[in-house]
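Subject: Structure handover

Hello,

Here is the structure we spoke about. Please open it and keep it beside this note as you read.

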Amino acid sequence: MTLAEILRNEGREEGRQEGRQEGEMQALSRMTIIQLTQKFGELPEKLKHRISQANIEALNQIVSNIFTFSDLDEVKGYLFQ
């Protein structure tokens, strides 16, 4: 195997990994929006946008605590830090 082939294969693998991570983030964002909508009703567009831009740690915290939130202000605390 040539150096070019090795580098090409490494690049493909990195691309696949990035694609999986991006897909995971999109799915987690959608799940977060769905769960919050079911709990609180229609969400403001600004909040939906912020959720779609949030990092994985914030989204995991929101999903993990969904049953303890009493209002959207508590959710915003994880997003607008």
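In which helix do K76 and D73 both lie, and how many residues apart? Both lie in helix 4 (residues 72-79), three residues apart, about one turn of the helix. More on that pair below.

First, the ground rules. This is a predicted model, with residues numbered from 1 along each chain as its sequence is written. Local features need pLDDT of at least 70, side-chain atom pairs count only at pLDDT 80 or more, totals for chains, interfaces and linings use all residues, and side-chain values use heavy atoms, with hydrogens and water left out.

Some terms come up throughout. Helices are DSSP runs (H or I, at least four residues), numbered from the N terminus. Buried means under 20% relative accessible area, exposed means over 50%, and partly exposed is in between (1.4 Å probe, protein chains only).

Salt bridges

The structure holds three salt bridges (a side-chain nitrogen of Lys or Arg within 4 Å of a carboxyl oxygen of Asp or Glu). Side chains of opposite charge can pair when their charged atoms come close.

- K76 and D73: the closest N and O atoms are 4.0 Å apart. K76 is partly exposed, with a relative accessible area of 30%. D73 counts as exposed, at 56% relative accessibility.
- E42 and K48: their side chains meet at 2.6 Å, N to O. E42 is exposed, at 59% relative accessibility.
- E45 and K48: here the closest N and O atoms are 3.4 Å apart. Both residues lie in helix 2, three residues apart, about one turn of the helix. E45 counts as exposed, at 56% relative accessibility.

E42, E45 and K48 are linked in a network of salt bridges.

Why does the spacing matter to the eye? An α-helix has 3.6 residues a turn, so residues three or four places apart point the same way.

Buried and exposed faces

Turn to helix 2 (residues 45-53) next. Its buried residues are L47, K48 and I51. Seen down the helix axis, they fall within an arc of 100°, so they line one face of helix 2. The arc is that of the directions from the helix axis to the C-beta atoms. On the other side of helix 2, E45, K46, H49 and Q53 are exposed. So K48 is both buried and part of the salt-bridge network, by the under 20% cut-off for buried.

Now helix 3 (residues 56-65). The buried residues there are A58, L59, I62 and N65. Seen down the axis of helix 3, they fall within an arc of 145°, so they line one face of the helix. E57 and S64 are exposed on the other side of helix 3.

Between these two helices, look at A54. Its place is in the loop between helix 2 and helix 3. A54 is buried, with a relative accessible area of 4%. The C-alpha atoms of A54 and L36 are separated by 15 Å, and the two residues are 18 residues apart along the chain.

Surface patches

Patches are made of residues with over 30% relative accessible area and no salt bridge; like charges are joined within 9 Å, and nonpolar side chains (Val, Leu, Ile, Met, Phe, Trp, Tyr) within 5 Å.

Which residues gather in a patch of negative charge on the surface? They are E10, E14, E18 and E22. Asp and Glu count as negative, Lys and Arg as positive; His and the chain ends are not counted. The place of a charge is taken as NZ of Lys, CZ of Arg, CG of Asp or CD of Glu. E10 is found in helix 1 (residues 3-40). E10 is partly exposed, at 44% relative accessibility.

A nonpolar patch is formed by M1, L3 and I6, with about 350 Å² of accessible area together. Such areas come from the Shrake-Rupley method with a 1.4 Å probe. L3 is in helix 1. L3 counts as exposed, at 61% relative accessibility.

Helix 1 also holds G15. G15 is partly exposed, at 38% relative accessibility.

Best wishes
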